Amino acid sequence: MLASLSPPWKLHNLTKPAHTLQPALALGLAALWVWGLCIFYMAFNPFQATPQFLSANPGLSPYPCAAFLPWLAATIGFVVCAFCMASFDKRITYHIRHYRLQIGMYTAFFCLTLLLLLAFYLAWWPLAVLCALLGGATAAFCTLLWGEAYRRRETLQIVVNAMLSLVLATMLFCLLLGLKIEWLFYLVICLMPLVQGFLLYVCLHGLKALHQKQLFFDGPEGERIPSAGVLEIPTFNRLAINRTKLLFRIMVPFAAMGLGFGYLIWQLFCTFNASSVLSLDRSLECFVAAAFACLIIILMVLVPLITHLDEDYSNFYRFLMPLLVCLLILAILISSELPLTAMIYAVVLFSSYLCMELLMWVKLINLSAAYRISPILLLGYGRSALMLGAAVTICFCTFFGTRISTWADLGYAILNLAVLLVFYLLLPRDKQIRDMVLKVAPPIPDAPEPAPKAAATSVKTSPKALSLSMPEPEPEPDKHRFAKRVEAVANTYLLSSRETEVLFLLAKGYSAKRMAETLFISQGTLNTHTWRIYKKLGLHSQQKVIDLVDAQKEA
């Protein structure tokens, strides 16, 4: 029964692995990351501000060429667009999910990418800057759309598919560099927006919508509501939160993380053009290093599941943070110039990049799902701050790289350890989120009982006067009053989006089997959500939950 549930670490949530691995979700986000890596490589490949590269090419200036400007324009477009969308998320939340708008944006994304590559090839830098600026803004729009697609999934699905997308993006990017086929490199960049658009449509609307009429419409919070029929679970509002406090709690730690993240990317791209140290092709060395790094990340994701320590990945960052700290300390001890340790150093760089990217993406999506906060709001503020911090560091390293080369490895590790500490200390937790919650109006009580009819009198009235004096029919009770009481309980105890839906069905007296079928989740996942609800509410039975929701009538 629901009254006697086991803790989540004793459950087995992978009873249906097919529901955990979602290829469209992983491949779509991987296409977005491949596009970003390729554009960054195109901007920074013509030059390299490292002592080894400058000594081999004495006539080359250490300062960036004109290809640096399109990347800077793309970064500015991304930051401005993401921040503006986060600031006005309430107005655009409904419209951003409309499939016609999505198709139009991805078509524009493809055209801008095509013009950008043409401008790069012909060295038309004004056109390249303009296309990069608009392309960066479009990429921000696509990033927030993928955040919305990931928010609708369970935490286990978020972690596994985000990890797979990072692995696929890294390996495909290194493979493209290793093949050294220029036309294939440009072709892949052009196809990435189209691949993203198709896979995002599959994630949000399903494959059946491609050859059938649209049978669903998007609700106020993004839920797919049937055009005919009754929706069994109502739409719950997002948690009302103080945006000023949230802005500080999100942008400051992610801007600090961006400083270390930018230096990590700069160091990582320095390895692509450096001379080989193992008498092999440099692209092959990078591919091997990336493969080992991906293997490390895959094992790190599977360890909590295999050992049953955190099967639902609710505290996944606690496993990822120690690994990232160990990698940064290892970067201090390893020299990138010795032949025997250069490969290990490249593996450390790739592993650190994958850990940071996975940590930041999963943390933002989990915050959105755990506290019913808009993913557009969190991803817009978080990713814009991250890109801004990374751009500051990359610009500094680009123009002053030769001056800091003597302590580059040590400075990189110390900087990242410091930003990790700031990131961990300033991230909002339950207490901070509770302080940010705005006071909302109490739930509307049930309609009062109708007043008793007046006693009949002996006064005769005409039929016309009788029809005029008859009282109007009583209005039907609001169908959403019960949902508002459930929402009030969810706001008080900071329940997540899925937990609020489970609470709604619990308070209606549904059985466990019917709840699992209604929510399209496994029995183990349902038990985990129900156990968390009981823990947050301090209750131990379904009847207590029903009584708590009913008590909101007198609130």
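Biologist: Where is leucine 494 found?

Modeller: In the loop between H18 and H19. Helices are DSSP runs of H or I of at least four residues, strands are runs of E of at least two, and both are numbered from the N terminus. This is a predicted model, with residues numbered from 1 along each chain as its sequence is written. Local features need pLDDT of at least 70, side-chain atom pairs need 80 or more, totals for chains, interfaces and linings use all residues, and side-chain values use heavy atoms, leaving out hydrogens and water.

Biologist: What is the phi of leucine 494?

Modeller: Start with the general idea. Most residues other than glycine have a negative phi. Leucine 494 is not a glycine, yet has a positive phi of about 55°. Leucine 494 is also buried, with a relative accessible area of 4%. Buried means under 20% relative accessible area, exposed over 50%, and partly exposed in between, using a 1.4 Å probe and protein chains only.

Biologist: What is the phi of arginine 372, and where is this residue found?

Modeller: Phi of arginine 372 is near 55°, a positive value in a residue other than glycine. Arginine 372 is in the loop between helix H13 (339–371) and helix H14 (375–400). Arginine 372 is buried, at a relative accessible area of 3%.

Biologist: Back to H18 and H19. At what angle do they pack?

Modeller: Two packed helices are described by the angle between their axes and the distance between the axes. Axes are lines fitted to C-alpha atoms, for helices over the stretch in contact, and angles run from 0 to 180 degrees between N-to-C directions. Helix H18 (residues 481–493) and helix H19 (residues 497–507) pack at about 125°, and their axes are 10 Å apart. H18 and H19 are therefore oblique to each other. Angles under 35 degrees count as roughly parallel, over 145 as roughly antiparallel, 65 to 115 as roughly perpendicular, and the rest as oblique.

Biologist: Which residues make the contact of H18 with H19?

Modeller: Contact means heavy atoms within 4.5 Å. H18 brings Phe482, Ala483, Val486, Val489 and Ala490. H19 brings Thr500, Leu503, Phe504 and Ala507. By class, eight of the contact residues are nonpolar, one is polar and none is charged. Nonpolar covers Ala, Val, Leu, Ile, Met, Phe, Trp, Tyr, Cys and Pro; charged covers Asp, Glu, Lys and Arg; the others, Gly among them, are polar.

Biologist: Is the crossing of H18 and H19 left-handed or right-handed?

Modeller: Right-handed. A crossing is left-handed if the near helix is turned anticlockwise from the far one by less than a right angle, and right-handed if clockwise.

Biologist: How many residues of H19 are buried?

Modeller: Ten of its eleven residues, so H19 is mostly covered. Among the buried ones are Ser497, Glu499, Glu501 and Val502. H19 is followed by glycine 509, whose phi is positive, near 85°.

Biologist: At what angle do H8 and H9 pack?

Modeller: Helix H8 (residues 155–179) and helix H9 (residues 182–205) pack at about 155°, with axes 8 Å apart. That makes H8 roughly antiparallel to H9. The contact joins Leu176, Leu177 and Leu179 of H8 to Leu184, Phe185 and Val188 of H9. Six of these contact residues are nonpolar, with no polar and no charged ones. The crossing of H8 and H9 is left-handed.

Biologist: How many salt bridges does the count come to?

Modeller: Side chains of opposite charge can pair when their charged atoms come close. The rule is a side-chain nitrogen of Lys or Arg within 4 Å of a carboxyl oxygen of Asp or Glu. The count comes to five salt bridges. One of them joins arginine 151 and glutamate 148, at 3.0 Å from N to O. These two are three residues apart in helix H7 (residues 125–151), so about one helical turn separates them. Arginine 151 is buried at 9%, and glutamate 148 is buried at 2%.

Biologist: Which salt bridge partner does arginine 383 have?

Modeller: Glutamate 357, at 3.0 Å from N to O. This pair links distant parts of the chain: arginine 383 is in helix H14 and glutamate 357 in helix H13, 26 residues apart. Arginine 383 is buried at 8% relative accessible area, and glutamate 357 is buried at 3%.

Biologist: Which residue forms a salt bridge with glutamate 499?

Modeller: Lysine 536, with the closest N and O atoms 2.9 Å apart. Lysine 536 lies in helix H21 (residues 523–537) and glutamate 499 in helix H19, so the pair ties together parts 37 residues apart in sequence. Lysine 536 is partly exposed, at 35%, whereas glutamate 499 is buried, at 2%.
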